[in-house]
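Here is a short tour of a protein fold, arranged by topic. Have a look at the model first, and then we can walk through it together.

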Amino acid sequence: MRTIPSPAPADRIRGVVLRPGNDLTMTDLVLAPPGSGEVEVAVVAAGVCHSDLHVVRGEWDVPMPVVLGHEGSGVVTALGPDTEDSGLAVGDHVVLSWVPACGACRYCLAGRPAACSLVAEVVAPRGVLYDGTSRLSSTDGEELHHYLGVSSFADRVVVPVSGAIKVRKDAPLDALALVGCAIATGVGAVRNTAGVEAGATVAVIGCGGVGLSCVQGARLSGAGRIVAVDVVADKLDLARKLGATDTIDASAVDPVAALRALVPEGLDYVFDAIGKITTTEQAVAALGQGGAAVIVGLPPTGSTARFDPLALAEADQRILGSNYGSVVPHRDIPILVDLVVGGFLDVESMISARRPLEEAGDALAELNEGRALRQLLITGHRPTAYEPAEPGVAAADSAAYDSAAYDAYTAYAAPRSASGPSTHTPSAYDPTKREG
């Protein structure tokens, strides 16, 4: 590891570092100030996701040592140079996005920022920011890596401006951490990747944070039947609360046979929200004529699944990969927050625990044992209490916010044609601007 200069002691933070050999430690770190096009955020809450667990298990190849965490929310505390047009200011509430799109590559320009080349080729695999360097180091000068351009298991983070999505200040900021990954990924998979139509039959395999978000997305889309599949009774009960019309205990029956019994002609859409080889194969096997299996959960690197390509072709079926719900973060995340505030998306029921950042290891252990949904790691930072009359969030804005939430709901619930999603695709993507 190369040594980098340490900033002033005032930039000391605390964070959770993973080193080779499953060495997970909460320790003092040094955070360099934001560079060009970057912003510093005080983390309020970080969600504990299976993607973090994959890294701890050694199932994904990630540069180490690394500061974990990719799902989070917080408050802007400083802006670097060249951020005048970002729309961000100190004190803004933000949801962190683990695809901080560059806005200039061919995928961003085609309106597909979730596939950003810079993120896929530099930020994610190398554990750095845009310029190929890190803002994180140990107190003795050892460079530490960013996880997915976020590293939210820390008091403060530095991210590209496109990785900090400004949201309304009357929303519950800690719970909004889930919007940055679980909600965006699950709801986005239903709405953006699959384009589920009103009246469609849907199954969701796996009722963790992402799977339950798929269930809610299917409900918002007006799906006619939503079947939740899991091995944990409490998760199935919650899935019913969030919109599932039927549930299947996969520990007691063959899930494909049970799905066929409920929907003999096969499902229009099956979402694999786990990412095991068996669940991916089950998703394909449960499809009906013209159906789509959507792979949302992520398996270990190098995994392969089997399917019958002749049957797939003859039945006009599709297998779709969904990265980050195919979202446009600056368009979709504020809309999802509107839905949370309007009561159309239930985030609170998906949170099984709030615990201090120091308990990250215990939280990951509980997730590994299948005993937890989404757990929030809470830092010591608390945002200033929301005041409707404060500058930029005037009392008159609340009516506009209520209208925005209703408009978001009606857009998500409107009947849709079988030709696919009606999501607007811009001709060019500006990562600092919210799309309409």
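In which loop is the place of leucine 148? Leucine 148 lies in the loop between β8 (143-146) and β9 (156-160). This is a predicted model, in which local features need pLDDT of at least 70, side-chain atom pairs count only at pLDDT 80 or more, and totals for chains, interfaces and linings use all residues. Residues are numbered from 1 along each chain as its sequence is written, and side-chain values use heavy atoms, with hydrogens and water left out. Helices (H or I, at least four residues) and strands (E, at least two) are DSSP runs, numbered from the N terminus.

- Leucine 148 has a positive phi of about 55 degrees although it is not a glycine.
- Leucine 148 is buried, with a relative accessible area of 15%; buried means under 20% relative accessible area, exposed over 50%, and partly exposed in between (1.4 Å probe, protein chains only).
- Serine 151 is also found in the loop between β8 and β9. Its phi is positive too, at about 60 degrees, although serine 151 is not a glycine.
- Serine 151 counts as buried, at 1% relative accessibility.
- A cis peptide bond leads from methionine 64 to proline 65, with omega near 0 degrees. Proline 65 sits in the loop between α1 (50-57) and β4 (66-67).
- For background, most residues other than glycine have a negative phi, and most peptide bonds are trans.

**The barrel**

- In the order β1-β2-β7-β8-β4, 5 strands close into a barrel, and the pairing is mixed. Two strands pair if DSSP finds at least two bridges between them.
- Strands β1 (residues 12-19) and β2 (residues 23-31) run antiparallel and are joined by 8 bridges.
- Arginine 14 stands opposite aspartate 28 in β2, while valine 17 has threonine 25 in β2 as its bridge partner.
- A hairpin is formed by β1 and β2, with 3 residues between them. In its turn, glycine 21 has a positive phi of about 85 degrees.
- On to the next pair: β2 meets strand β7 (residues 136-138) in the antiparallel sense over 3 bridges, and leucine 31 stands opposite leucine 136 in β7.

- Strand β11 (residues 201-205) is largely enclosed by the rest of the structure, because 5 of its 5 residues are buried.
- Both faces of β11 are covered, with Thr201, Ala203 and Ile205 on one side and Val202 and Val204 on the other.
- With strand β12 (residues 225-230), β11 pairs in the parallel sense over 5 bridges; the bridge partner of threonine 201 in β12 is arginine 225.
- With strand β14 (residues 267-272), β11 pairs in the parallel sense over 4 bridges; the bridge partner of isoleucine 205 in β14 is aspartate 272.
- A right-handed β-α-β unit is made by β11, helix α5 (residues 209-220) and β12. Right-handed means that, with the strands pointing away from the viewer, the path from the first strand over the helix to the second runs clockwise.

**Helix α4**

- Helix α4 (residues 182-194) bends by about 45 degrees at glycine 188, the bend being the angle between axes fitted to the seven residues ending there and the seven starting there.
- α4 is mostly covered, with 13 of its 13 residues buried.
- Arginine 191 is found in helix α4 and counts as buried, at 7% relative accessibility.
- Arginine 191 and valine 327 are 136 residues apart in sequence and 9.2 Å apart in space, C-alpha to C-alpha.
- Just after α4, glycine 195 takes a positive phi of about 65 degrees.
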